[in-house]
Amino acid sequence: MDPCEIPNGWIMFVTGIYENTRFKRNPWRGITLLWLAGVVLVAPAVALAEPPAAAAETSAEYASAGAVSNAEMEAEALYSDDLFSDDLYAGAGWDEEISDPLEPVNRAIFWFNDKSYFYLLKPIARAFRVVPTPVRSGVSRMFDNLKSPLRAVSSLLQLKFAQSGVEVSRLLINTTVGLGGFYDPARSWWDLNKQNEDLGQVFGHYGVGQGWYLVLPLLGSSNLRDGIALIPEFYANPLYWALHRDGYLVSIGVDGINTLSLDRDTYESIVIEQLDPYLFIRDAYTQRRAGLVAE
Amino acid sequence: MRAKTGSLTWAVILLGVVGLSVPTGVDANEQAAMQPVDAYSKDAEMSGPMFEIKQTIDRITEQLRTIGSTPGWRDNVTKLVHSKFNFEVMSQGVLGPNWHKATPQERKRFIELFSQLLEETYIGRVREYTGQKIRFGSEHIRQNRAVVDTYIAMDSGDEIPISYRMLLNGDEWEVYDVVIEEVSLVRNYRSSYSEILRKKNIEGLLEEMQAKIEELKQRRAVEDRSA
């Protein structure tokens, strides 16, 4: 056997994928490359521009709440962990300022998203509600099932082997027994719960901070780290390979609206209840992402 | 050709075996580590943070089940929330470093407004409760502080984790923070309010809170009339 044969085959295989995805003539290629280039240029600037931790000194000042004596606090500090730290409210991420230098731009996109939500997306989602809820949840699970490979790989990249195994099993069980993911027998019969892992968390696991907070058009809250992770995630979905770009984009839209139709007006209540919904959502997103990386 | 299919089949089988064998081991470990404590079981103590928060939650859900038949349900829920939540400590947490800059009157007013604001939003949220199962997980106690993990089963089958952070005040455990899906309520408010306080003084924030409470009350009145 010619030793060159196999490498040749591989090269053809890879270039075959390249041809088939039409990445070459794809207008998105330019956009993606520009984004990547921008990120490469911007990332060091972010690293240098990290604000000094000025809040740290003030965090201990008001810790006297709840009559925790100093002696007690010191005793506790010896074996403090995430659940109980010396400050009543201290813990991972407390008083860490969210870096949001693009706030004016973000707020503009937030405004755009808000309008799109109320005047376009939500009305379509309401129309979706003609379909019975069990069907819509089933469809939602089918879309989610296709994200299993990504979750498995993300777990694996964090060396969480057991979790990765859970996701592989879930994919195998739910795709077959669960009729393409419409049902979730992996959970109901085998207690295999979905592992919330993605590439943003992989980066976080290896110490990459969240970076600037971003609001993406229609997609909503994100940050530099998770935003970059979205690019490979886009290609990691089997639907991309099955439907190609345009079909895939449509399927993302359907998935999004379907999910929205199952939601109980979460965004509405935030807008009604909060003094500044932008700030509230910004912090909630940042906290949640930090929590997911930490777990 | 045959060799190819063979190796592919093997790969699938191998993945399946690895995948199926690993999680069962983990499951057993997790179950042992996080043995759920049922506050009503015989060997569980009839006191402590989990017992106390469970009692309050049970009473609130009971009120919600009887909405309509009891006209005073809202007052009852408010009373129950007030008995278990320590709004003073929460307010300190929300204002954070700004707490020291506030005058005693401003602090008092903030506690008042913040508890009202939370009540309004909490009642709005609690209204959506339609009998979802609440599962009680583990309770961790360290000295005068405790964390109680609970899970609400949604209609979709997903469980939303809600943790109550509690503080021993006298002989009663009181909630000083609620953490929903990794998001701490107090930290969330602190982040928003400290940003607002960067542009406004505390008086401005208090005014904004007052206006928001009025708005929520009006909205509630309209909802009540239509209900």
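## Helices H7 and H8 of chain A

In this predicted model, helix H7 (residues 148–157) of chain A and helix H8 (residues 161–176) of chain A have axes that come within 8 Å and cross at roughly 165°. Because angles over 145 degrees count as roughly antiparallel, H7(A) is roughly antiparallel to H8(A). The crossing in which H7(A) passes H8(A) is left-handed.

On the side of H7(A), the contact is made by A:Ser148, A:Pro149, A:Arg151, A:Ala152, A:Ser155 and A:Leu156. H8(A) contributes A:Gln163, A:Ser164, A:Glu167, A:Val168, A:Arg170 and A:Leu171. By class, the residues of this contact between H7(A) and H8(A) are five nonpolar, four polar and three charged.

## Chain A as a whole

Chain A contains 14 helices and two strands. It has 295 residues, of which 25% count as buried. Among the contacts in chain A with a separation of 6 or more, 64% come from residues 24 or more positions apart.

## The sheet of chain B

Chain B holds an open sheet of five strands in the order S1-S2-S3-S4-S5, with antiparallel pairing. At its edges are strand S1 (134–142) and strand S5 (183–184) of chain B, each of which pairs on one side only.

S1(B) and strand S2 (residues 145–153) of chain B run antiparallel and are joined by seven bridges. B:Phe136 has B:Thr150, in S2(B), as its bridge partner. Helix H4 (residues 87–95) of chain B packs on the sheet. The strands that H4 touches are strand S3 (159–169) and strand S4 (172–180) of chain B, and the direction of the helix makes about 40° with that of S4(B).

A:Asp276 lies in the loop between helix H13 (266–273) and helix H14 (277–294) of chain A. It has 14 C-beta neighbours inside 10 Å and therefore counts as partly exposed. The reasoning rests on two cut-offs, since a residue is buried with 20 or more such neighbours and exposed with 12 or fewer.

When its neighbours within four places in sequence are left aside, A:Asp276 is in contact with B:Ser192 and B:Ile196.

Notes
Residues numbered from 1 in each chain as written. Chains lettered and ligands numbered in written order. Predicted model: local features only at pLDDT ≥ 70, side-chain atom pairs only at ≥ 80, totals over all residues. Helix = DSSP H or I, 4+ residues; strand = E, 2+ residues; numbered from the N terminus. Contact = placed C-beta atoms within 7 Å. Axes fitted to C-alpha atoms, helices over the stretch in contact; angles between N-to-C directions. Parallel < 35°, antiparallel > 145°, perpendicular 65-115°, else oblique. Left-handed = near helix turned anticlockwise from the far one by under 90°. Nonpolar A, V, L, I, M, F, W, Y, C, P; charged D, E, K, R; others polar. Pairing = 2+ DSSP bridges.
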